[in-house]
Amino acid sequence: VFQFDTEFYISGLAPICDQLVILSYVKEISDKTEVECCARPRLDIVQPLPESCEEISSDALTVRGFQENECRDYHLEYSEGESLFYIISPRDVVVAKERDQDDHIDWLLEKKKYEEALMAAEISQKTIKKHKILDIGLAYVNHLVERGEYDLAARKCQKILGKNTELWEFEVYKFKEIGQLKAISRYLPRRDPVLKPLIYEMVLHEFLESDYEGFATLIKEWPGDLYNNTIIVQAVVDHLKKDPQNRTLLRTLAELYTYDQRYGRALEIYLTLRHKDVFQLIHKHNLFSSIRDKIVLLMDFDSEKAVDMLLDNEDKISIDRVVEELENRPELQHVYLHKLFKRDHHKGQRYHEKQISLYAEYDRPNLLPFLRDSTHCPLEKALEICQQRNFVEETVYLLSRMGNSRSALKMIMEELQDVDKAIEFAKEQDDGELWEDLILYSIDKPPFITGLLNNIGTHVDPILLIHRIKEGMEIPNLRDSLVKILQDYNLQV
């Protein structure tokens, strides 16, 4: 079927699948003496082709006394059932057998191809007898550590060590010895299995010594029951003695207190840090009793949120308590009472007198609306405060509310010098004497007369005003005003 030449003598032939096993007798020229001598016999596997052959593999065999052997001294015997080949020489018998997966893994390990060895072992785990996947994996981890690839080694631990807590703990100590606890920290198991608390504490201490941010990340990511909280809290407190303002440490300490259900302590830190979770923490754990003496801090942090929370939980922290706490911070007291008044005009009525001063001091634009809407504020007190501060609009309102319309009108005319407002006021009061006062005050002021002429027609007989205008006084836009009066008069008729 096939025919090909070889450059060597053949001592034996045997089949292996569709290939040939050839035992070759080889002669070579010695470099030193240049004399032809016997070489080691070779066992080749070849693929026969119609005109030639292709060498698949070649092994030179070391047999005792090969230097003295002739071609006829070698035999190749084949045991068909077992796929074994026997190479027989005068002083030796060599058995050749096909490589199995164990041999392949041996070869990969010898070449330090650990990842491939691990894959090969996993693929054929049912057929390998000599090797264990775990042993290969551990050898791979050791190899990576020796090469300084600590992160990769730690990552492989997850797959290789699985749920074996003893091996995990052994590896952690190994990483500790070489100062690489940080590398393995990200891959430590946190659930099923869970290692001894000491292991996690050891890693946390390592971070606490050199990397506060990393420490904070672990505290966030790790469940609070992996380690002894009290020990870690103490360690953080000790570090804070050296650096009391460190925000990362303070924030982490607050989280540890929360895990430990010491919410009051956590709240203090969050308030100091002005942390956004403060209000959430108070609501979640119902910490209203803890904030009774921290209302100022809460208001300083975010007055709007704090006021809303205090008003929503009035049953837990009374209005009186809040006002008392804010006694030394009137500007915050005002914010709270103002919002309370907006929600309910009557709830904080006992503080309405106090609020007059607070509005006058901190929120003038809302003073007049407050005076209008409040039915509980003492008008005399309000008038006194407004007059002291020379708040004209508010004083005018209070005077008219107290029935002193003439003084109110006088203030509008003298202080504000606003004829439109004065006319508006006179219209509201609808009092003949007030119109008389208004005309008397305006009669020597031409711009005021114009304003009166334009607006007075529907309330008072314009003739009363016109008769009183002095001869020769120049009045702006008099003609237009007179035309308007006549039109208004016609209309009324």
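**Figure 1. Serine 89 in strand β8.** Serine 89 is found in strand β8, which covers residues 84-89. The model shown here and in the other views is predicted. Serine 89 counts as buried, because its relative accessibility is 7% and the limit for buried is under 20%. Leaving aside neighbours within four places in sequence, serine 89 is in contact with Val63, Asn69, Asp73 and Tyr74. One of these contacts, Tyr74, returns in the next view as a member of an aromatic cluster.

**Figure 2. The aromatic pair of tyrosine 9 and tyrosine 25.** A pair of aromatic rings is described by the distance of the centres and the angle of the planes. A search of the whole structure finds five aromatic pairs. In one of them, tyrosine 9 and tyrosine 25 lie 6.1 Å apart, centre to centre, with 35 degrees between the planes, and the pair is tilted. This pair links distant parts of the chain, 16 residues apart: tyrosine 9 belongs to strand β1 (residues 9-16) and tyrosine 25 to strand β2 (residues 19-25). Tyrosine 9 is exposed, with a relative accessible area of 53%, whereas tyrosine 25 is buried, with a relative accessible area of 3%. Together with Tyr74, Tyr9 and Tyr25 form one aromatic cluster.

**Figure 3. The aromatic pair of phenylalanine 341 and phenylalanine 370.** The rings of phenylalanine 341 and phenylalanine 370 form an edge-to-face pair, with 4.8 Å from centre to centre and 65 degrees between the planes. Phenylalanine 341 lies in helix α16 (residues 330-343) and phenylalanine 370 in helix α18 (residues 367-373), so the pair ties together parts that are 29 residues apart in sequence. Phenylalanine 341 counts as buried at 6% relative accessibility. Phenylalanine 370 is buried too, with a relative accessible area of 1%.

Figure 4. The charged end of arginine 42 sits over the ring of phenylalanine 8, at 5.3 Å from the ring centre. Arginine 42 also meets aspartate 44 in a salt bridge between their side chains (3.0 Å, N to O). Aspartate 44 is buried, with a relative accessible area of 1%.

**Figure 5. Arginine 364 over a ring.** Phenylalanine 391 has arginine 364 lying over its face. The distance from arginine 364 to the ring centre is 3.9 Å.

**Figure 6. Salt bridges around arginine 343.** Side chains of opposite charge can pair when their charged atoms come close. The structure has a count of 13 salt bridges. One of them joins arginine 343 to aspartate 308, where the closest N and O atoms are 3.6 Å apart. Arginine 343 lies in helix α16 and aspartate 308 in helix α14 (residues 303-312), so the pair ties together parts that are 35 residues apart in sequence. Arginine 343 is partly exposed, with a relative accessible area of 46%, and aspartate 308 counts as partly exposed at 26%. A network of salt bridges links Asp308, Lys339 and Arg343.

**Figure 7. The salt bridge of arginine 479 and aspartate 480.** The side chains of arginine 479 and aspartate 480 meet in a salt bridge, at 3.9 Å from N to O. Arginine 479 counts as exposed at 67% relative accessibility, while aspartate 480 counts as partly exposed at 46%.

Notes
Residues are numbered from 1 along each chain as its sequence is written. This is a predicted model: local features need pLDDT of at least 70, side-chain atom pairs count only at pLDDT 80 or more; totals for chains, interfaces and linings use all residues. Side-chain values use heavy atoms; hydrogens and water are left out. Rings of Phe, Tyr and Trp (its six-membered ring) pair if their centres lie within 6.5 Å; planes under 30 degrees apart count as stacked, over 60 as edge-to-face and the rest as tilted. Helices (H or I, at least four residues) and strands (E, at least two) are DSSP runs, numbered from the N terminus. Buried means under 20% relative accessible area, exposed over 50%, partly exposed in between (1.4 Å probe, protein chains only). A charge sits over a ring if NZ of Lys or CZ of Arg is within 6 Å of the ring centre and within 35 degrees of the ring normal. Contact means heavy atoms within 4.5 Å. A salt bridge is a side-chain nitrogen of Lys or Arg within 4 Å of a carboxyl oxygen of Asp or Glu.
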